[in-house]
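My notes follow in the order I looked things up.

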Amino acid sequence: MQFEKVVNVGGTTESGRETFVLNLGPQHPATHGVLRIKLTMDGEYVMHAEPVCGYIHRMHEKMGENRTYAQFLPNTSRIDYLSAMHYTHAFVGAVERAAGIEVPPRAEYIRVITSELNRVSSHLVWFGAFLLDLGGFTPLLYAFDDREKILDLLEAITGARLTYCYYRFGGLCNDVDDDFLRGTRDFVQYMRPRLGMYRKLVTDNIILRKRLEDIGPISAEMCRKYGATGPVIRGSGIPCDVRRVEPYSVYPELEFDIPHYPGGDCMARYDVRMEEMEQSLRIIEQAVAKLPEGPHIAPKVPRVIKLPPGDFYYAVEAARGRFAVRIVSDGKDIPYRVRLRTPSFANLTLFGEASQGMLLPDALALMGTLDLVIPDIDR
Amino acid sequence: MKNLFKEVWTGFGSLLTGMRITLEQFFKPQVTVHYPHESLKMAKRYRGHVVLVRDTTTGKSLCIACKSCEKACPSDCIVLDGIKREGEKKKSVTDFKLDFTKCSLCGSCVEACPIDALEFSKNYNLASTTKESFYQIDLYKPTLEAKAE
Amino acid sequence: MSIPEPFRLLAYLVGFLSFVGLNAAYLVWVERKGAARFQRRPGPTEVGYAGLLQPIADAIKLMTKQVLVPLEADRTLFRLAPVFVLTPALMCLATMPFSAAIGAIDFNLGLIMVFAFGAINVLAIMLGGWASRNKYAIISAARVVSQNVAYEIPMLLVVITLLMVTGTMSLREIVDQQAGGFWNWNVFNGIWDFRGGGWGHIGSNPLAPVTFVIFFICMLAETNRAPFDMAEAESELVAGAFTEYAGMGFGVFFMAEYANILVGCSLATILFFGGWHSPIGILPGLLWFLVKLYLLIFTVVWIRWTFPRTQFYKLLNLSWKILIPVSLITLVLTSVMLKLF
């Protein structure tokens, strides 16, 4: 599709047609959150998209400078509440790496199981919300029905349904019981046919395919330029996953594939996420089978942790991409700086370039496949 | 040309498959819980409102007013006071106020307590029309009232 | 017994108005309950037993809202547009026979009349969008007009195919030709025709079920139902064609949508499924008509809650590039078969 460059924002295009500014305002009918995008439109085509974020800035990084390491743990769950376990894992991993605390293997395996369950539940929310954007109202409720099962499992061991504060420095806050393991095994058996049903109901549906194929191409070069990670870059053909590139926890001992599709269009990113759910189920099965006995937390972790002075970094593969925590410490029990590198921020920045010249509904479909969670952008 | 035919054929088939799946779901039972006519039983470890644990024999709270929970709370929610009475080895609490407008149910206070005097309740019906119900909740009063009974 | 003519027409008028009114209100209930069951949840249950009084609560809410007419809108057209949308539906119903005894007017050009009135619907939506004086309403209304025009053509081609088989345009006679069992219905008798007696002979329209499917898809597009609901929902981030309408003005558009579905499904029943004749050949009557009608309406609801929305250009492509060629092929095939057999 040939499009003309905007001569000046809010002005006229090269051929002299007038453009107008449309506000994809902070209040969305879809479930994206509070993000404002200023679109300069030429009729139905998007000429220029400028995201304005900050409507839900809660100063997590500033709070990191005022709280001890243990007091910052609840914050980590609330940065991206849909994949809270991953974010806590990154922070706890950074502190453990800095203080030299060794985590017992049972705790590592349970961390992997709960993280992967959280990844499945986050992808189910994405699936439902994305289809709601496109006008299919029913798969949202089927996805939330499956998600209820995950939430019930995690509620039984952690006590919370969304903002779990489950990991502690050196392990977990409490151990899992047999009910959880049995429930997880049952859930994996239940979920596989459901994913098959979603494939037949949604993925193979000709209307959805026509809506997503060849829409919103994002090349690998663009991903590298903007630092997009996660399913966005894997949908452009590059199998980059933190679990394989910079392995952490017990992922090297587990067998799973990294789904990647070369298309670069919305359909490829959709397929990557659906495939990721299957791979997560595979990981959960293996981890439950291999779960060793032992303590659930490292012995003799000091109550108040003081990290040696220095710069510490830990990255995980969250549901939306690469999440990393960088802690700068000056020896006190309060960090000097906590920097959170969130995936949605980088994924959002490529929306401006990727949506040029697209029709507005296609631009919305593109934004849906980027899987943005706005609290993740604004922290 | 042949591709177009194939596409139309498989496309129409996919529509019929989708319709069959939703029809199957039509005849299955409902999965929602009709709150408030029905309600669910909370899990054992459910994080409801924090409460002081009472000793089953004496009815007094176990709290020794060591202020570990006050120091551990990330949001500065807890304010407590205690005095050392005669004849007792440890302090006992006289005043325990929780600011529930800031509490994030993180559990730091429950974990920090050396004698497990704090626990999560299963109380989730926490709607009220006044701010005072949440701001500076007195957790010590229920233990006094229970002792008086 | 025959009632004097003016009273008969009055009785039919009251009957149709109440039928349409009751249906428009309770089809909302059917849709909400149906959607809920597809999504495995209860739907409205609080107001009345099983939520049966919910449409009445909605109607009261709509009637008590303030009707705001925008300052720069064309006041006459703004108020006229809802009327123009509802009236054709009522008039189309006047030509349709509901059973052997019930039928307001037996017009020998009944079929053409239905399509003539259906075309006014398109005009009315354009009026509504234009009179609102709202940029997005006009764009949305223009989209609806192009969608409706694109889908009228395959519908008319399909109906012409049917007319060649039936040879008459009177709706009552079309139904009478489908008497007998379900194999005599127009959707099946094109394949193998038993009506000549004995073992029957090859029918005149071997693609009759395809004909029905095309008619159904066009009917969904004409009434702006999902997956073709550009007017209402796609512009959810901008605005729909009916943004400026509040309160009962919007209520009338809403009623008109359900009245149009009613008209479309009754037409499909009459043309393809044998009207009031039963599938086993005995005991024809109004009950069979209503059963078939509501099964078709259930299918319309079912389709809405299963599929996502199509994209606008692909929708027009579907009509111009796929439906029209297929309906032309059935037309040519039917005329060839009629000539040969």
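**Strands in chain A**

I began with strand β7 of chain A, residues 321-329, and found this strand mostly covered, with 7 of its 9 residues buried. A reminder to myself before going further: this is a predicted model.

Next I looked up what lies beside β7(A). Strand β6 of chain A, residues 310-318, pairs with β7(A) in the antiparallel sense over 9 bridges. The two strands make a hairpin, and I count 2 residues between them.

Which strand does β7(A) meet through 5 bridges? That is strand β8 of chain A, residues 337-341, and this pairing is antiparallel too. Here I wrote down I327(A), whose bridge partner in β8(A) is V338(A). A general point to keep in mind while looking at the side chains: in a regular strand they alternate between the two faces of the sheet.

**A helix in chain C**

I moved over to helix α8 of chain C, residues 248-272. I get 35 Å from its first C-alpha to its last, for 25 residues, which is close to the 36 Å expected at 1.5 Å a residue. Is α8(C) mostly covered or mostly uncovered? Mostly covered: 21 of the 25 residues are buried. After the helix comes G274(C), and I jotted down its positive phi, near 85°.

**Where the chains touch**

I took chain C against chain A next. The contact involves 23 residues of chain C and 27 residues of chain A. Together they bury about 2200 Å², and carbon and sulfur atoms give 59% of that. I looked for salt bridges across this interface and the rule finds 0. Polar contacts do turn up there, in 6 residue pairs. On the chain C side, α5 (135-166) and α10 (312-340) each supply at least two of the touching residues. The largest share of that side comes from α5(C), with 4 residues.

Then chain B against chain C. I have 17 residues of chain B in contact with 15 residues of chain C. The buried area is about 1600 Å², with 70% of it from carbon and sulfur atoms. How many salt bridges are there between chain B and chain C? The count is 0. Polar contacts across this interface come to 9 residue pairs.

**Charged pairs**

Side chains of opposite charge can pair when their charged atoms come close.

In chain A I stopped at R182(A), which forms a salt bridge with D179(A), closest N and O atoms 2.9 Å apart. The two sit about one helical turn from each other, because they are 3 residues apart in helix α6 of chain A, residues 178-203. I logged R182(A) as partly exposed because its relative accessibility is 46%.

A second pair in chain A is R224(A) with E221(A), a salt bridge at 3.2 Å from N to O. They are 3 residues apart in helix α8 of chain A, residues 220-226, so about one helical turn separates them. Both R224(A) and E221(A) are exposed.

In chain C I picked R32(C) and D58(C), joined by a salt bridge with the closest N and O atoms 3.3 Å apart. This pair links distant parts of the chain: R32(C) belongs to helix α1 (residues 5-38) and D58(C) to helix α2 (residues 54-63), 26 residues apart. Are these two buried or partly exposed? R32(C) counts as partly exposed at 35% relative accessibility, and D58(C) is partly exposed at 22%.

I also noted a network in chain A, where salt bridges with shared partners join E116(A), R119(A), R234(A), D241(A), R243(A), E276(A) and E317(A).

**Back to helix α2 of chain C**

Last entry: Q54(C), which is also found in helix α2 of chain C. With a relative accessible area of 15%, Q54(C) falls under the 20% cut-off and therefore counts as buried. Which residues does Q54(C) touch, not counting those up to four places away in sequence? I listed R32(C), P44(C) and V47(C). R32(C) is the residue I had already noted in the salt bridge with D58(C).

Terms used
Residues numbered from 1 in each chain as written. Chains lettered and ligands numbered in written order. Predicted model: local features only at pLDDT ≥ 70, side-chain atom pairs only at ≥ 80, totals over all residues. Heavy atoms only, no water. Buried < 20%, exposed > 50% of the residue type's maximum accessible area, 1.4 Å probe, protein only. Pairing = 2+ DSSP bridges. Expected span 1.5 Å × (residues − 1). Contact = heavy atoms within 4.5 Å. Buried area = accessible area lost by both parts, 1.4 Å probe. Salt bridge = Lys/Arg side-chain N within 4 Å of Asp/Glu carboxyl O. Polar contact = N/O pair within 3.5 Å; in protein donor to acceptor, adjacent residues only side chain to side chain.
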